Amino acid sequence: MNMMNRTSDIATETPGGYAGRQKVYPKLAHGTFRKLKWGVMIVTLGIYYLLPWLRWDRGPNLPDQAFLLDFANQRLFFGPIEIWAQELYYITGVLILSALGLFLVTAVAGRVWCGYACPQTVWTDLMITVERFWQGDRNARMRLDSSPWTFEKVWKKTGTHITWLLIGLATGGALVFYFRDAPTLARELVTGDAPAIAYAFMGIFAGTTYLLGGIAREQVCIYMCPWPRIQGAMFDRDSLLVTYRDWRGEPRGPHKKGQAWAGRGDCVDCTACVTVCPMGIDIRNGSQLECIQCALCIDACDDIMTKVGRPQGLIAYDTFRNVEAPSHEQRVPVRIIRPRTLAYTGLMLLVGGLMLTAWLNRAVLEVNVLHDRNPMFVQLSDGGLRNGYVVKLLNKEHDTRRVRLKLADLDGAQLQIVGFQEADPVIDIVPDNLRALKVFVTVPSALRDKLNGSSTPFRFEVIDATDGSILDHDATFRGPANE
Amino acid sequence: MTKREIDSVTGVETTGHVWDGDLKELNKPLPRWWLYVLYATIVWAVGYWIVYPAWPTLNDTYTKGMFDYSQRGEVSKEVTAGKAAQAKYFELIAATPVAEIEKNQELLPFVMAGGAAVFGDNCGPCHGKGGGGAVGYPNLNDDDWLWGGTADQIEHTIQYGIRSGHPETRDMAMPRFGLDGILKPAEIVDAAQFVLSLSGKSTDASAADRGKKIFADNCAACHGEDGKGNQDMGAPNLTDGIWLYGGKLENVEKTIETGRGGVMPYWTGRLDPVTIKMLAAYVHSLGGGK
């Protein structure tokens, strides 16, 4: 029977609104892409489990963990980079860059993210490897599942699930280290002194890793993940996708050794591509929502093609443009540089450039000036005019800043800071802190004529009392309109 | 069961529903565990009924749940915690003379924030949210005070109000020189011209000259010979640029004719003494405090 696809098969079995899952037993593939996937798995899991242990010296009173999301103190540390809660837009920028990067690689080579690097794929691959270790490869697993509950089946299944749970626990265990000094937390976890939330998150992530990676696997991609639904808009005729070259493969059919190849396709219908597929689909049915393009079917098919003495690449990364070409004498060249990829690259450069500019111009001392709204200005009994402001000084350094406040471009105006008796006081701003000062600016009666009507621009200067460097902020002095 | 129909293009069974004559839907069922998740959420919801307050009962109350939780209770816990956190500041305010509060760097931010909140609720309707005032309602930001601008004097004003009916209130008012027939209309114009001349704004020198004597006879008792006012009697300084009821000729004439006696309520008994003290320090800090 020529199965059209998996879901149709289930649909005919269950006329109700819901379908049972048909368990997938992926067979181990061998070849280039399998090796690549092992490599990606080792690197990504290595980063995930080890990154929190990397140290970074930031001096005293600061965490020495290179990668730390310090929610308690509202700081994010990434090596030399330190981001405050109010600067989370940098994270937004990173997310935008990630999304654009995803668009770009998808436009170039399809669902590379899904096939190689997505945590769901990596952990599922790991869980399948564990299953294979305990229960053997595809055929052995299928036999075991259909066999009655023997002692052998019980210990093999138990071993699999216990290993899955341990991996889940390690995953949750590694996650919490990102949020608290790793060596300290590791000690606390052992002695039972860790915060309850750490245990809770270990439990949650142990459970979800076990459930999503071990049990649910491909169903997460098919039913839960929104990304497959967006794919359609990301591919185009020039994207390199894992493709069954039907013009070469069809008509398919079993092939006996020594039989001629003329008049038939190269596909020997061995279903090697189907058995290795972690999503349980048949790539020969063409582009499908379920396909995560992990390219394991390419490995499986290349293996068979070598064995039957036909050229490799019956299943390969190829473009729609080439697949739909009227003649396959010559391959249609792959266009990686095209408007779509250029647009994504341009956008990434733009966002990256903006972020870099913002980062390089990031001030460690920020000044904000708020003008009083009620009253806008105060008429004094001697004929002078007074405006009130709140000057906010934000010290993002880890040392106390000592500054003086001065007026510029407002001749003869007097400055008074509420809470300070002396003139021209030195203002301390403690580390990592914001200090709001209520400030009065008075223009004496004699100088009112110099004002520019109802609105006179001037500047507040914040002068570092230690090194004399000046930071200024624009402000406006309000008064009655000229009569 | 009806006959199953297979779509000829995809080979997938259809649901049997037909729209617009020929539009059919492929049967692509969700996995069954999806349904089980729905059942699980229903069970979870039942858990809520047990753990949290949920159902009204016939005897006019409701099922209380396991931990006696209520949102009102949570709020009152937060309010209690907030009050406890404020307590040390209120104690410090109570122990600090009102004139010293502003000099205390620890108290100042609390007094500014707390004073602004209390001011906005209680004083803002007349004086404006920032104390900017309006015609008849003094601007509290300037340095011109009817009844004195020291922190102590401001506290007294807030406590007992002005012409508020409280026995301790500040009670002097300006007589109705016109309405009560004390001055004739022509004399009022002359007096007004003289008053304006005190700040150099008179428009008729001879009228102002005639008004000088009228002023000395009728006004100087409160406003002083030189017109600089008297804060003991709430008599404003007439020589500066600040006019509560307007500084134009017709405004001043109107003031002399009808008298003035704005009312401010007393707050003692309505606000507790510490809050009044905080409010006084806040108003003093607005910029005009003496």
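Tyr18 of chain A has Leu30 of chain B as its bridge partner, the latter lying in β3(B). This pairing belongs to a predicted model, in which β1(A) and strand β3 of chain B (residues 30-31) are joined by 2 bridges and run parallel.

The contact between the two chains draws on 31 residues from chain A and 32 residues from chain B. On the side of chain A that touches chain B, at least two residues each are supplied by α1 (6-13), β1 (18-19), α10 (218-224), β8 (378-379), β9 (385-395) and β13 (433-443), and the largest share, 5 residues, comes from α1(A). By residue class, this side of chain A divides into 12 nonpolar, 13 polar and 6 charged residues.

Chain A also holds an open sheet of 3 strands, ordered β2-β3-β4 and paired in the antiparallel sense. Its edge strands, β2 (67-70) and β4 (81-84) of chain A, each pair on one side only, and from one strand to the next the twist averages 10 degrees. Within this sheet, Leu69(A) has Leu76(A) in β3(A) as its bridge partner.

| Strand pair | Sense | Bridges | Partner residues |
|---|---|---|---|
| β1(A) and β3(B) (residues 30-31) | parallel | 2 bridges | Tyr18(A) and Leu30(B) |
| β2(A) and β3(A) (residues 75-78) | antiparallel | 4 bridges | Leu69(A) and Leu76(A) |

In general, the strands of a sheet pair through backbone hydrogen bonds, in either a parallel or an antiparallel arrangement.

Conventions
Residues are numbered from 1 along each chain as its sequence is written. Chains are lettered from A and ligands numbered from 1 in the order in which they are written. This is a predicted model: local features need pLDDT of at least 70, side-chain atom pairs count only at pLDDT 80 or more; totals for chains, interfaces and linings use all residues. Two strands pair if DSSP finds at least two bridges between them. Axes are lines fitted to C-alpha atoms, for helices over the stretch in contact, and angles run from 0 to 180 degrees between N-to-C directions. Two residues are in contact if their C-beta atoms, placed from the backbone, lie within 7 Å. Ala, Val, Leu, Ile, Met, Phe, Trp, Tyr, Cys and Pro count as nonpolar, Asp, Glu, Lys and Arg as charged, and the others, Gly among them, as polar.
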